[in-house]
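Keep the structure open as you read.

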Amino acid sequence: MSGIIVAENLCKVYRRGREEISALKNVNFQVDEGEFVSIIGPSGSGKTALLNVLGCLDTPTSGTLRLNGTETSGMKESELVRLRRQNIGFVFQQFYLMPTLTARENIELPLLFSRKTDNKKRIDEVLQMVGLSDRGDHLPGQLSGGEMQRVAIGRALINDPKIILADEPTGNLDSVTSGKIYELFRKLNDQGRTLVVVTHNLELARQAHKMYTLRDGRIAGCEEMDY
Amino acid sequence: MNFLTLAAKNLLRRRGRTLLTVLGVAIAITVLFSLLSLNSGYQKELNKEVNSLGVHILAVPKGCPYEAASLVIHGGVIPKYLTATDLDNVRSIEGIELAVPMLMHQFIRKDNKTGQDVPHIIFGIKIDEERELKPWWTVEGRYFTDNETRVMLVGRGLADKENLTVGSKIPSGPFKDFAIVGILNRTGDQDDQFHFVPLTEAQRVFNKEGKITTIAVKVRDVSQISRISAEMERIPDIQVVTMTQIMGTIMNLAGSARSLLLTVIAIALIISAFGIINTLLMSVNERTREFGVMKAIGASGLDIGKMVLAETVFITFSGGVIGTIAAVVGSRVIEGFVRGMLPYSPRGTMVSLSPELIGFALVFSIALGIVCGIYPAFKSSRLTPMEAIRSGLE
């Protein structure tokens, strides 16, 4: 299988005043197309930093990243925007929904940025996919945590990306709701999407094909799961 | 959904702040719109008022000619007088079509309705010459003749105000028992408010036999106005004012007052603009993380900038619409305020509303939005997604 995400010798150094913090140290990482990968590790191990670099939200200090065959180093912000739009869907721990937009409008938002119009059918499809067909006209404030995360997943899916990157997607949810979100992830993976999920929850992390462990900015281990 | 609905929904999140900003813009646009509409209306009304006199040159006693001319237009007492000799001298000048003598005087009489003492203006006139000067005059009843005594014409506005009818008599004051033989049909100018009696009667009542306050001159050829006024100035006692001079002077005085008002408005607009920029910057700073998320889900810097700009234009355009409506609806109040600030105001309505002006106010409000929104839009568009998300978390 070909690597849809291929990272080589990734380093990320943050500067805070005079202090330098190495969040990633020579990370070599590959995710094949259609794979479901979990990343675990203690706080400060570099999980989120890695996910952000993989999603082109942040640039590596050194090293290379190839996404769906495209080398990302040296790309302009506008090119990265296009690459993100076409290939990546993001899911965040805090959902980050727009409070004044309904569930349907939140899901529609990426289409507005992609200049795609007349999307009613596609939005209905996605609402159905995330199990919120009857909640489309509700504002985020009227939805439960699990429902809000489903809206966020719908938003990540609307442009039909090949890769879904999720940063602690169940961090704010109870165990039952978390289980349901993972069921949804597995369903998306069954449809052929590549998923990379950062989590603290070992039990849920074990539901992926592979589980990487990060420690002090380095890959400390990789375990193949019985998917 | 499009960028405009997204911008509108974002603004509704901070209703109070948005409303206050919109009101700030609305006030600035109201003042701007009012001033511009007054500017065009002012000159139009002033022209109309001066033309309604039907004269090209006024001869008044030596003194302040502009004050005297203004009194002639609006009514008032000129404390100096010209004589029949002055009138003959004026009439002897070549090129004059008409030289009409008038004695203008103020008098006090009780109001028919309220019983209070009210100042009134009366003109002693030569009726045939006056009618030649003002061919648009028509009358209900009849005109008096120059030889009649104890007869009077009144303007329609005055008659309506005081319930005066043809055949009734003036109940009090120095003209007590003068019979109203005619009521001038509405002219739309100051004549609607005046009393008119034969010149000799006015001179008799005020003990000013042989005296007049004004000679209104109509020339045969307007290109000769400067020559004729120069010749008139050679007559002792007479000061000459041409209508062009009156208008020029008034427009100069009004121009200074307007410059002052414009400066105040410019300052108000600048303050308003900084208010908008400040509100937007606050809003941009508060939403840094949100912009980061938008970038993560596919928005470009240009998209974010466009959204912020759309929000600004939304605010200023709403302010523009509200401000323009307020200016149209409240034009009377604003006119009253401006009248108090200008050295001379015509009697007619000074607010002249035109579709072009409304268009200008709205385009101006959009331009204001673009100017105010550029910096916040630029600032928000430059954020990298991770910086934005992280700064929002701190």
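At what angle do helix α1 (residues 3–12) of chain B and α11(B) pack, and how many Å apart are their axes? In this predicted model, the angle is about 70 degrees and the axes are 9 Å apart. Angles of 65 to 115 degrees count as roughly perpendicular, so that is the label for α1(B) and α11(B). Their crossing is right-handed.

Now look at who meets whom. From α1(B) come F3(B), L4(B), L6(B), A7(B), A8(B), N10(B) and L11(B), and across from them in α11(B) sit K306(B), M307(B), A310(B), E311(B), F314(B) and I315(B). Sorted by class, this contact has 10 nonpolar residues, 1 polar and 2 charged.

Helix α5 (residues 145–157) of chain A packs with helix α6 (residues 175–190) of chain A at an angle of about 20 degrees, and their axes are 10 Å apart. Anything under 35 degrees counts as roughly parallel, which means α5(A) is roughly parallel to α6(A). The crossing here is right-handed. On the α5(A) side you'll find G145(A), G146(A), Q149(A) and I153(A), meeting T177(A), K180(A), I181(A) and L184(A) of α6(A).

Next, the cores. The largest nonpolar core has 110 residues, and L50(A), L54(A), A152(A), L165(A) and V196(A) are the ones with the most contacts inside it. Which helix gives this core its largest share? That's helix α11 (residues 301–329) of chain B, with 10 residues, the helix you already saw packing with α1(B). As for A152(A), leaving aside residues up to four places away in sequence, its contacts are V91(A), F92(A), F95(A) and L97(A). There is also a second, separate core of 45 residues, with I57(B), L184(B), A202(B) and I228(B) among them.

Finally, turn to where the chains meet. Here 22 residues of chain A are in contact with 17 residues of chain B. On the chain A side, α2 (77–87) and α3 (103–113) each supply at least two residues. The largest share of that side, 6 residues, comes from α3(A). What classes do the residues on the chain A side divide into? You get 10 nonpolar, 5 polar and 7 charged.

Notes
Residues are numbered from 1 along each chain as its sequence is written. Chains are lettered from A and ligands numbered from 1 in the order in which they are written. This is a predicted model: local features need pLDDT of at least 70, side-chain atom pairs count only at pLDDT 80 or more; totals for chains, interfaces and linings use all residues. A nonpolar core is a set of buried Ala, Val, Leu, Ile, Met, Phe, Trp, Tyr and Cys residues joined through C-beta atoms within 7 Å. A residue is buried if 20 or more other C-beta atoms lie within 10 Å of its own, exposed if 12 or fewer, and partly exposed in between; C-beta atoms are placed from the backbone. Helices (H or I, at least four residues) and strands (E, at least two) are DSSP runs, numbered from the N terminus. Two residues are in contact if their C-beta atoms, placed from the backbone, lie within 7 Å. Ala, Val, Leu, Ile, Met, Phe, Trp, Tyr, Cys and Pro count as nonpolar, Asp, Glu, Lys and Arg as charged, and the others, Gly among them, as polar. Axes are lines fitted to C-alpha atoms, for helices over the stretch in contact, and angles run from 0 to 180 degrees between N-to-C directions. Angles under 35 degrees count as roughly parallel, over 145 as roughly antiparallel, 65 to 115 as roughly perpendicular and the rest as oblique. A crossing is left-handed if the near helix is turned anticlockwise from the far one by less than a right angle, and right-handed if clockwise.
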